[in-house]
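I opened this notebook to keep track of what I looked up, one topic at a time.

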Amino acid sequence: MKRNEFRGLLVLFFVFVVVQVKAQHADVDISACIGMEKILFSMKNSTTKDRVSLMLDSILITKPYKIMFEHYNRFWRPNHLPPSVFKRMILSLQFKGEYSKGENQRADQMISKWEKYYSDLSLYQKNLRQLQETNLDKFINEGIQYAQSWLPPEWHIPNFYFPIIPNGGSSAFTINNSQGYDFFQLPRDSSGQIIWNELLGTISHESHHLGNHISQLEKASSRDSIAYQFLSMFVGEGTATKFINNYPGGKVPSIDGTRKPTIFKSEVKVWWDKYTADEQNLFNRLETTFEQIYNGTMTKEDILKEISNYWLSGYTSPVYFVGSELFGAIYTGLGKEKAFETMRDPRKIFKYYNDAIKEKPDILSGCYLIPDSIAMHALSIGKNEK
(Lines give C-alpha, C1' and ligand atoms only; values in the text may rest on other atoms or scores of the structure.)
Protein backbone atom coordinates (compact mmCIF):
# COMPACT_ATOMS: atom_id res chain seq x y z
CA MET A 1 0.00 0.00 0.00
CA LYS A 2 1.16 3.55 -0.74
CA ARG A 3 1.86 5.85 2.17
CA ASN A 4 -0.84 8.31 1.09
CA GLU A 5 -3.43 5.56 1.27
CA PHE A 6 -2.79 5.34 5.00
CA ARG A 7 -2.76 9.06 5.65
CA GLY A 8 -5.72 9.73 7.90
CA LEU A 9 -6.85 6.09 7.73
CA LEU A 10 -7.31 5.78 11.47
CA VAL A 11 -7.77 9.43 12.43
CA LEU A 12 -11.23 8.57 13.73
CA PHE A 13 -9.74 6.20 16.26
CA PHE A 14 -7.34 8.73 17.73
CA VAL A 15 -9.52 11.65 18.73
CA PHE A 16 -7.38 12.10 21.85
CA VAL A 17 -4.51 13.58 19.80
CA VAL A 18 -5.01 17.35 19.81
CA VAL A 19 -2.91 20.48 19.43
CA GLN A 20 -0.98 21.22 22.59
CA VAL A 21 -2.11 24.34 24.42
CA LYS A 22 -0.80 25.26 27.85
CA ALA A 23 -4.09 26.04 29.55
CA GLN A 24 -6.53 24.24 31.78
CA HIS A 25 -9.97 25.76 31.91
CA ALA A 26 -13.42 24.51 30.97
CA ASP A 27 -16.03 26.82 29.47
CA VAL A 28 -19.15 25.33 31.08
CA ASP A 29 -22.44 25.82 29.21
CA ILE A 30 -25.85 24.58 30.43
CA SER A 31 -27.82 26.94 28.18
CA ALA A 32 -29.18 24.03 26.12
CA CYS A 33 -30.73 22.54 29.26
CA ILE A 34 -32.37 25.86 30.17
CA GLY A 35 -33.60 26.50 26.65
CA MET A 36 -35.02 23.01 26.21
CA GLU A 37 -36.84 23.29 29.54
CA LYS A 38 -38.81 26.24 28.14
CA ILE A 39 -39.61 24.37 24.94
CA LEU A 40 -40.83 21.23 26.69
CA PHE A 41 -43.08 23.24 29.00
CA SER A 42 -44.44 25.14 26.00
CA MET A 43 -45.30 21.85 24.32
CA LYS A 44 -47.07 20.67 27.47
CA ASN A 45 -49.00 23.92 27.70
CA SER A 46 -50.65 23.52 24.29
CA THR A 47 -48.38 25.81 22.28
CA THR A 48 -49.04 25.20 18.60
CA LYS A 49 -46.84 22.83 16.65
CA ASP A 50 -45.73 25.62 14.32
CA ARG A 51 -44.61 27.73 17.27
CA VAL A 52 -42.77 24.85 18.95
CA SER A 53 -41.13 24.03 15.61
CA LEU A 54 -39.75 27.56 15.40
CA MET A 55 -38.49 27.36 18.98
CA LEU A 56 -36.68 24.11 18.19
CA ASP A 57 -35.17 25.63 15.05
CA SER A 58 -33.74 28.40 17.21
CA ILE A 59 -32.17 26.14 19.83
CA LEU A 60 -30.79 23.51 17.44
CA ILE A 61 -28.53 26.08 15.78
CA THR A 62 -26.94 27.15 19.08
CA LYS A 63 -23.37 26.15 19.90
CA PRO A 64 -24.19 23.18 22.20
CA TYR A 65 -26.37 21.48 19.62
CA LYS A 66 -23.98 22.30 16.78
CA ILE A 67 -21.29 20.43 18.75
CA MET A 68 -23.70 17.56 19.37
CA PHE A 69 -24.52 17.20 15.66
CA GLU A 70 -20.81 17.33 14.80
CA HIS A 71 -20.33 14.38 17.15
CA TYR A 72 -23.15 12.30 15.71
CA ASN A 73 -22.39 13.16 12.09
CA ARG A 74 -18.63 12.61 11.96
CA PHE A 75 -17.02 12.07 8.58
CA TRP A 76 -17.16 8.29 8.83
CA ARG A 77 -20.89 8.32 9.62
CA PRO A 78 -22.43 11.29 7.76
CA ASN A 79 -26.19 11.76 8.23
CA HIS A 80 -26.14 9.44 11.22
CA LEU A 81 -28.51 11.87 12.99
CA PRO A 82 -29.81 14.68 10.74
CA PRO A 83 -31.02 17.73 12.72
CA SER A 84 -34.44 17.43 11.07
CA VAL A 85 -34.84 13.88 12.39
CA PHE A 86 -33.79 14.90 15.90
CA LYS A 87 -36.27 17.79 15.77
CA ARG A 88 -39.15 15.57 14.67
CA MET A 89 -38.30 13.06 17.38
CA ILE A 90 -38.75 15.80 20.01
CA LEU A 91 -41.93 17.09 18.39
CA SER A 92 -43.39 13.58 18.50
CA LEU A 93 -43.47 13.73 22.30
CA GLN A 94 -46.55 15.91 21.96
CA PHE A 95 -47.52 15.77 18.31
CA LYS A 96 -47.99 12.12 17.39
CA GLY A 97 -46.94 11.04 13.95
CA GLU A 98 -44.05 13.49 13.63
CA TYR A 99 -41.56 10.66 14.12
CA SER A 100 -41.97 6.88 14.02
CA LYS A 101 -39.61 4.42 15.66
CA GLY A 102 -37.55 2.64 13.07
CA GLU A 103 -36.76 5.75 11.01
CA ASN A 104 -33.35 6.39 12.56
CA GLN A 105 -31.33 4.11 14.81
CA ARG A 106 -29.85 6.92 16.92
CA ALA A 107 -33.18 8.71 17.40
CA ASP A 108 -34.75 5.38 18.35
CA GLN A 109 -32.11 5.06 21.08
CA MET A 110 -32.75 8.59 22.32
CA ILE A 111 -36.52 8.78 22.43
CA SER A 112 -37.10 6.68 25.55
CA LYS A 113 -35.03 9.12 27.63
CA TRP A 114 -36.98 12.08 26.27
CA GLU A 115 -40.28 10.29 27.01
CA LYS A 116 -39.20 9.69 30.61
CA TYR A 117 -38.55 13.37 31.27
CA TYR A 118 -41.45 14.66 29.19
CA SER A 119 -43.85 12.58 31.24
CA ASP A 120 -42.50 14.23 34.42
CA LEU A 121 -41.17 17.71 33.72
CA SER A 122 -40.81 18.33 37.45
CA LEU A 123 -37.98 15.77 37.34
CA TYR A 124 -36.36 17.74 34.53
CA GLN A 125 -36.64 20.91 36.61
CA LYS A 126 -35.24 19.23 39.72
CA ASN A 127 -32.23 17.92 37.83
CA LEU A 128 -31.60 21.28 36.17
CA ARG A 129 -31.70 23.08 39.53
CA GLN A 130 -28.92 20.81 40.80
CA LEU A 131 -26.70 22.01 37.99
CA GLN A 132 -27.63 25.66 38.52
CA GLU A 133 -26.93 25.47 42.26
CA THR A 134 -23.51 23.83 41.91
CA ASN A 135 -20.20 25.58 41.30
CA LEU A 136 -19.57 23.62 38.12
CA ASP A 137 -16.42 25.57 37.21
CA LYS A 138 -14.69 24.61 40.47
CA PHE A 139 -15.91 21.02 40.29
CA ILE A 140 -14.83 20.45 36.70
CA ASN A 141 -11.44 22.04 37.24
CA GLU A 142 -10.80 19.55 40.03
CA GLY A 143 -11.32 16.78 37.49
CA ILE A 144 -8.98 18.47 35.03
CA GLN A 145 -6.21 18.79 37.62
CA TYR A 146 -6.45 15.10 38.53
CA ALA A 147 -6.25 14.13 34.87
CA GLN A 148 -3.22 16.39 34.41
CA SER A 149 -1.40 14.57 37.22
CA TRP A 150 -1.48 11.39 35.11
CA LEU A 151 0.01 12.94 31.99
CA PRO A 152 3.69 13.53 31.17
CA PRO A 153 4.52 16.98 32.57
CA GLU A 154 5.07 18.52 29.13
CA TRP A 155 1.61 17.41 27.96
CA HIS A 156 -1.06 19.91 28.88
CA ILE A 157 -4.83 19.68 28.78
CA PRO A 158 -6.06 22.56 26.63
CA ASN A 159 -8.91 24.92 27.30
CA PHE A 160 -12.10 23.18 26.27
CA TYR A 161 -15.78 23.81 25.83
CA PHE A 162 -18.05 21.88 28.22
CA PRO A 163 -21.71 21.83 27.13
CA ILE A 164 -24.31 19.76 28.97
CA ILE A 165 -26.94 18.94 26.36
CA PRO A 166 -30.32 17.17 26.53
CA ASN A 167 -29.87 14.54 23.82
CA GLY A 168 -30.37 10.96 25.04
CA GLY A 169 -27.62 9.30 22.99
CA SER A 170 -23.95 9.32 23.99
CA SER A 171 -23.61 9.93 27.71
CA ALA A 172 -20.31 11.75 27.13
CA PHE A 173 -18.17 12.48 24.11
CA THR A 174 -15.06 14.39 23.07
CA ILE A 175 -14.75 16.17 19.75
CA ASN A 176 -12.17 18.77 18.77
CA ASN A 177 -11.68 20.84 21.94
CA SER A 178 -15.09 20.06 23.40
CA GLN A 179 -16.46 17.60 25.93
CA GLY A 180 -20.19 17.06 25.62
CA TYR A 181 -22.37 15.47 28.31
CA ASP A 182 -25.94 14.26 28.09
CA PHE A 183 -28.20 15.98 30.62
CA PHE A 184 -30.45 12.91 30.75
CA GLN A 185 -27.62 10.51 31.58
CA LEU A 186 -25.65 12.31 34.26
CA PRO A 187 -24.98 9.67 36.95
CA ARG A 188 -27.68 9.77 39.61
CA ASP A 189 -28.59 7.79 42.69
CA SER A 190 -31.99 6.28 43.41
CA SER A 191 -33.24 9.61 44.79
CA GLY A 192 -32.23 11.45 41.62
CA GLN A 193 -29.23 13.24 43.10
CA ILE A 194 -26.18 13.57 40.86
CA ILE A 195 -23.38 11.22 41.91
CA TRP A 196 -20.68 13.84 41.72
CA ASN A 197 -17.77 11.45 42.25
CA GLU A 198 -18.93 9.35 39.33
CA LEU A 199 -19.29 12.40 37.10
CA LEU A 200 -15.87 13.62 38.19
CA GLY A 201 -14.39 10.30 37.06
CA THR A 202 -15.87 10.73 33.58
CA ILE A 203 -14.70 14.35 33.33
CA SER A 204 -11.17 13.34 34.34
CA HIS A 205 -11.23 10.46 31.84
CA GLU A 206 -12.29 12.69 28.94
CA SER A 207 -9.90 15.48 30.00
CA HIS A 208 -7.07 12.96 30.02
CA HIS A 209 -7.88 12.19 26.38
CA LEU A 210 -7.65 15.88 25.50
CA GLY A 211 -4.20 16.01 27.09
CA ASN A 212 -2.76 13.12 25.09
CA HIS A 213 -0.19 14.46 22.62
CA ILE A 214 1.40 11.38 21.12
CA SER A 215 3.99 12.38 18.54
CA GLN A 216 3.46 11.18 14.99
CA LEU A 217 6.22 9.41 13.10
CA GLU A 218 8.07 11.39 10.45
CA LYS A 219 9.29 9.81 7.20
CA ALA A 220 8.12 6.32 8.14
CA SER A 221 6.95 3.69 5.68
CA SER A 222 3.22 3.20 5.32
CA ARG A 223 3.36 -0.11 7.18
CA ASP A 224 5.38 1.41 9.99
CA SER A 225 2.96 4.33 10.25
CA ILE A 226 -0.07 2.12 10.59
CA ALA A 227 1.69 -0.22 13.06
CA TYR A 228 2.60 2.81 15.17
CA GLN A 229 -0.98 4.09 15.07
CA PHE A 230 -2.27 0.66 16.10
CA LEU A 231 -0.04 0.72 19.20
CA SER A 232 -1.04 4.33 19.90
CA MET A 233 -4.66 3.25 20.07
CA PHE A 234 -3.99 1.47 23.38
CA VAL A 235 -2.46 4.55 25.00
CA GLY A 236 -5.50 6.82 25.26
CA GLU A 237 -8.10 4.42 26.60
CA GLY A 238 -5.65 2.19 28.46
CA THR A 239 -4.08 4.96 30.52
CA ALA A 240 -7.35 6.81 31.20
CA THR A 241 -9.06 3.61 32.30
CA LYS A 242 -6.24 2.38 34.52
CA PHE A 243 -4.80 5.58 35.92
CA ILE A 244 -7.80 7.90 36.05
CA ASN A 245 -10.63 5.46 36.75
CA ASN A 246 -8.55 2.96 38.73
CA TYR A 247 -10.06 -0.08 37.04
CA PRO A 248 -9.23 -3.55 38.33
CA GLY A 249 -7.32 -5.76 35.96
CA GLY A 250 -7.54 -9.27 34.73
CA LYS A 251 -4.00 -10.07 35.80
CA VAL A 252 -2.91 -6.57 36.84
CA PRO A 253 -4.31 -5.10 40.09
CA SER A 254 -5.77 -1.63 40.49
CA ILE A 255 -3.11 1.02 40.93
CA ASP A 256 -4.76 2.33 44.12
CA GLY A 257 -6.30 -0.27 46.38
CA THR A 258 -7.71 2.39 48.70
CA ARG A 259 -10.29 3.79 46.30
CA LYS A 260 -13.05 2.27 44.23
CA PRO A 261 -12.98 2.46 40.44
CA THR A 262 -15.11 5.20 38.90
CA ILE A 263 -17.59 4.80 36.01
CA PHE A 264 -17.34 1.03 36.58
CA LYS A 265 -21.06 0.44 36.20
CA SER A 266 -22.70 -2.94 35.81
CA GLU A 267 -22.62 -2.89 32.00
CA VAL A 268 -18.87 -2.29 32.09
CA LYS A 269 -18.28 -5.01 34.69
CA VAL A 270 -20.02 -7.57 32.48
CA TRP A 271 -17.55 -6.86 29.68
CA TRP A 272 -14.59 -6.63 32.06
CA ASP A 273 -15.37 -10.07 33.51
CA LYS A 274 -15.69 -11.45 29.99
CA TYR A 275 -12.30 -10.07 28.99
CA THR A 276 -10.67 -11.29 32.20
CA ALA A 277 -11.78 -14.85 31.43
CA ASP A 278 -10.56 -14.51 27.84
CA GLU A 279 -7.33 -12.60 28.46
CA GLN A 280 -5.02 -15.15 26.83
CA ASN A 281 -6.99 -15.01 23.59
CA LEU A 282 -7.06 -11.21 23.69
CA PHE A 283 -3.28 -11.07 23.92
CA ASN A 284 -2.93 -13.70 21.20
CA ARG A 285 -5.13 -11.53 19.00
CA LEU A 286 -3.06 -8.46 19.87
CA GLU A 287 0.15 -10.22 18.82
CA THR A 288 -1.34 -11.60 15.61
CA THR A 289 -2.92 -8.32 14.55
CA PHE A 290 0.22 -6.31 15.25
CA GLU A 291 2.45 -8.76 13.34
CA GLN A 292 0.13 -8.79 10.34
CA ILE A 293 0.09 -4.99 10.23
CA TYR A 294 3.87 -4.81 10.78
CA ASN A 295 4.58 -7.32 8.02
CA GLY A 296 2.10 -5.75 5.61
CA THR A 297 -0.05 -8.86 5.23
CA MET A 298 -3.30 -7.02 5.98
CA THR A 299 -5.04 -4.83 3.40
CA LYS A 300 -6.41 -1.41 4.25
CA GLU A 301 -9.89 -2.90 4.34
CA ASP A 302 -8.73 -5.76 6.59
CA ILE A 303 -7.20 -3.31 9.06
CA LEU A 304 -10.32 -1.18 9.26
CA LYS A 305 -12.49 -4.24 9.67
CA GLU A 306 -10.26 -5.70 12.38
CA ILE A 307 -10.24 -2.47 14.37
CA SER A 308 -13.88 -1.51 14.00
CA ASN A 309 -15.34 -5.01 14.33
CA TYR A 310 -13.06 -6.28 17.09
CA TRP A 311 -10.84 -3.81 18.92
CA LEU A 312 -13.45 -1.05 19.08
CA SER A 313 -16.57 -3.20 19.28
CA GLY A 314 -18.93 -3.82 22.19
CA TYR A 315 -20.26 -1.63 24.99
CA THR A 316 -16.74 -1.57 26.43
CA SER A 317 -14.32 -2.49 23.67
CA PRO A 318 -11.24 -4.73 24.03
CA VAL A 319 -8.89 -1.77 23.53
CA TYR A 320 -9.87 -0.49 27.02
CA PHE A 321 -9.08 -3.77 28.72
CA VAL A 322 -5.87 -4.64 26.88
CA GLY A 323 -4.55 -1.08 27.12
CA SER A 324 -5.35 -1.09 30.82
CA GLU A 325 -3.43 -4.34 31.34
CA LEU A 326 -0.42 -3.15 29.34
CA PHE A 327 -0.05 0.18 31.11
CA GLY A 328 -1.12 -1.14 34.49
CA ALA A 329 1.70 -3.68 34.35
CA ILE A 330 4.25 -1.07 33.25
CA TYR A 331 3.25 1.24 36.10
CA THR A 332 3.22 -1.56 38.67
CA GLY A 333 6.54 -3.03 37.61
CA LEU A 334 8.57 -0.03 36.47
CA GLY A 335 6.86 3.06 37.94
CA LYS A 336 5.14 6.20 36.77
CA GLU A 337 8.04 7.67 34.79
CA LYS A 338 8.36 4.56 32.63
CA ALA A 339 4.61 4.64 32.08
CA PHE A 340 4.94 8.25 30.91
CA GLU A 341 7.89 7.33 28.69
CA THR A 342 5.75 4.66 27.04
CA MET A 343 2.88 7.09 26.54
CA ARG A 344 5.31 9.37 24.70
CA ASP A 345 6.57 6.50 22.55
CA PRO A 346 4.10 3.61 22.10
CA ARG A 347 6.80 1.54 20.37
CA LYS A 348 8.08 0.68 23.85
CA ILE A 349 4.79 -0.82 25.07
CA PHE A 350 5.65 -4.50 24.57
CA LYS A 351 9.28 -4.17 25.76
CA TYR A 352 8.40 -2.34 28.97
CA TYR A 353 5.38 -4.56 29.58
CA ASN A 354 7.62 -7.64 29.51
CA ASP A 355 10.28 -5.90 31.62
CA ALA A 356 7.66 -5.02 34.23
CA ILE A 357 6.49 -8.63 34.54
CA LYS A 358 10.07 -9.76 35.10
CA GLU A 359 10.70 -6.92 37.57
CA LYS A 360 7.67 -7.70 39.78
CA PRO A 361 6.98 -11.43 39.39
CA ASP A 362 5.33 -11.54 42.81
CA ILE A 363 2.55 -9.27 41.54
CA LEU A 364 2.57 -9.79 37.77
CA SER A 365 3.52 -13.44 37.33
CA GLY A 366 0.06 -14.26 35.97
CA CYS A 367 0.50 -11.85 33.03
CA TYR A 368 1.13 -13.17 29.53
CA LEU A 369 4.58 -12.38 28.17
CA ILE A 370 4.74 -11.09 24.62
CA PRO A 371 7.36 -12.82 22.43
CA ASP A 372 10.63 -10.89 22.38
CA SER A 373 10.61 -10.93 18.58
CA ILE A 374 7.33 -8.98 18.55
CA ALA A 375 8.65 -6.52 21.14
CA MET A 376 11.70 -5.94 18.92
CA HIS A 377 9.50 -5.40 15.88
CA ALA A 378 7.60 -2.71 17.77
CA LEU A 379 10.82 -0.98 18.79
CA SER A 380 12.06 -1.00 15.19
CA ILE A 381 9.03 0.89 13.79
CA GLY A 382 10.16 3.92 11.81
CA LYS A 383 13.83 3.09 12.14
CA ASN A 384 14.34 1.18 8.91
CA GLU A 385 12.44 0.41 5.74
CA LYS A 386 11.34 -3.20 5.42
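Predicted model: local features only at pLDDT ≥ 70, side-chain atom pairs only at ≥ 80, totals over all residues.

Entry 1: I looked up Trp114 and found it at a relative accessible area of 0%, so Trp114 is buried. I then turned to the largest nonpolar core, which has 113 residues, and saw that Tyr65, Phe86 and Trp114 touch the most other members. Helix H10, residues 222-244, gives this core its largest share, 10 residues. Leaving aside neighbours within four places in sequence, I found Tyr65 in contact with several residues, among them Phe86, Trp114, Ile165 and Pro166.

**Entry 2: the rings.** How many aromatic pairs are there by the rule I used? The count comes to 30. I picked out Trp114 and Phe184, an edge-to-face pair with 4.8 Å centre to centre and 80° between the planes. This pair links distant parts of the chain, since Trp114 lies in helix H6 and Phe184 in the loop between strand E4 and helix H9, 70 residues apart. Phe184 has a relative accessible area of 7%, so Phe184 is buried as well. Phe184 also pairs with Tyr124: the ring centres are 6.3 Å apart and the planes stand at 70°, so I recorded this pair too as edge-to-face. Tyr124 sits in helix H7, 60 residues from Phe184, and Tyr124 counts as buried because its relative accessibility is 0%. I noted one aromatic cluster whose members include Trp114, Tyr124 and Phe184.

**Entry 3: charge over a ring.** I found the charged end of Lys63 over the ring of Tyr161, 4.0 Å from its centre, and the charged end of Lys336 over the ring of Trp150, 4.2 Å from its centre.

**Entry 4: salt bridges.** My search of the whole structure gave 13 salt bridges. In one of them Glu98 meets Lys49, with the closest N and O atoms 2.9 Å apart, and this pair links distant parts of the chain, 49 residues apart. Lys269 and Asp273 form another salt bridge, at 2.8 Å from N to O; they are 4 residues apart in helix H11, so about one helical turn separates them. Finally I looked up Glu341 and Lys338, whose side chains meet at 3.5 Å, and I found that Lys338, Glu341 and Lys348 are linked in a network of salt bridges.

Methods
Residues numbered from 1 in each chain as written. Heavy atoms only, no water. Core = buried A, V, L, I, M, F, W, Y, C linked by side-chain atoms within 4.5 Å. Buried < 20%, exposed > 50% of the residue type's maximum accessible area, 1.4 Å probe, protein only. Helix = DSSP H or I, 4+ residues; strand = E, 2+ residues; numbered from the N terminus. Contact = heavy atoms within 4.5 Å. Phe/Tyr/Trp six-rings, centres within 6.5 Å; stacked < 30°, edge-to-face > 60°. Lys NZ or Arg CZ within 6 Å of the ring centre and 35° of its normal. Salt bridge = Lys/Arg side-chain N within 4 Å of Asp/Glu carboxyl O.
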